[in-house]
Amino acid sequence: HVSCVPSDVTATPTSQSCLLPTGKAIILDVDNTLYCEETLKRLTGLGIEEQIIANTHTFCKEHLDLTPAQADDLFRKYGTTIEGIRQEYPSQAETLLGTFYHQVYDPIDFSSLQAA
């Protein structure tokens, strides 16, 4: 059971509900089903997916010394880049997982969603 509340409500999580701290929101995106990437880029010049791809390329370069093409190959071969890292770099995967999600998703600028 999950309770949904506006993002300005402060509550203490209980065993029967899952509430977010004030000012926090959860964004669910299943490959452009909640917005149109092309519309975002046209309206604001900033797409969500292109930020994820750029951040993934940066992560793969910094942590695995991979080129963007090599990072894209992991995605194509395994369906997700992180699954490619798990399969191709098993000794490093556990350490890299948290870093991957923070470095790839935390810096995303969602302000373009407000314009769409």
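A residue is called buried when its relative accessible area is under 20%, exposed when the area is over 50%, and partly exposed in between, with a 1.4 Å probe and protein chains only. The structure is a predicted model, in which local features need pLDDT of at least 70 and side-chain atom pairs count only at pLDDT 80 or more, while totals for chains, interfaces and linings use all residues. Residues are numbered from 1 along each chain as its sequence is written, and side-chain values use heavy atoms, with hydrogens and water left out.

Helices are DSSP runs (H or I, at least four residues), numbered from the N terminus. Helix α4 spans residues 81-88 and helix α5 residues 90-105; their axes lie 7 Å apart at an angle of about 155 degrees. Axes are lines fitted to C-alpha atoms, for helices over the stretch in contact, and angles run from 0 to 180 degrees between N-to-C directions. The two helices α4 and α5 are therefore roughly antiparallel, a term for angles over 145 degrees.

Contact between α4 and α5 (heavy atoms within 4.5 Å) involves Thr81, Ile82, Ile85, Arg86, Gln87 and Glu88 on the α4 side and Pro90, Ala93, Leu96, Leu97, Phe100 and Tyr101 on the α5 side. Eight of the residues in this contact are nonpolar, two are polar and two are charged. Here Ala, Val, Leu, Ile, Met, Phe, Trp, Tyr, Cys and Pro count as nonpolar, Asp, Glu, Lys and Arg as charged, and the others, Gly among them, as polar.

Within α4, the buried residues are Thr81, Ile82, Gly84 and Ile85. Viewed down the helix axis, these residues fall within an arc of 155 degrees and so line one face of α4; the arc is that of the directions from the helix axis to the C-beta atoms. The buried residues of α4 pack against α2, α3 (68-78) and α5.

Three aromatic pairs are present. Rings of Phe, Tyr and Trp (its six-membered ring) pair if their centres lie within 6.5 Å; planes under 30 degrees apart count as stacked, over 60 as edge-to-face and the rest as tilted. The ring centres of Phe59 and Phe100 are 5.1 Å apart and the planes stand at 90 degrees, so this pair is edge-to-face. Phe59 belongs to helix α2 (residues 48-64) and Phe100 to helix α5, so the pair ties together parts 41 residues apart in sequence. Phe59 and Phe100 are both buried. Tyr101 and Tyr105 form a stacked pair, 6.0 Å centre to centre with 20 degrees between the planes. Both tyrosines lie in α5, four residues apart, about one turn of the helix. Tyr101, at 38% relative accessibility, is partly exposed, and Tyr105 is partly exposed at 36%. Phe59, Phe100, Tyr101 and Tyr105 form one aromatic cluster.

Methods: Angles under 35 degrees count as roughly parallel, over 145 as roughly antiparallel, 65 to 115 as roughly perpendicular and the rest as oblique.
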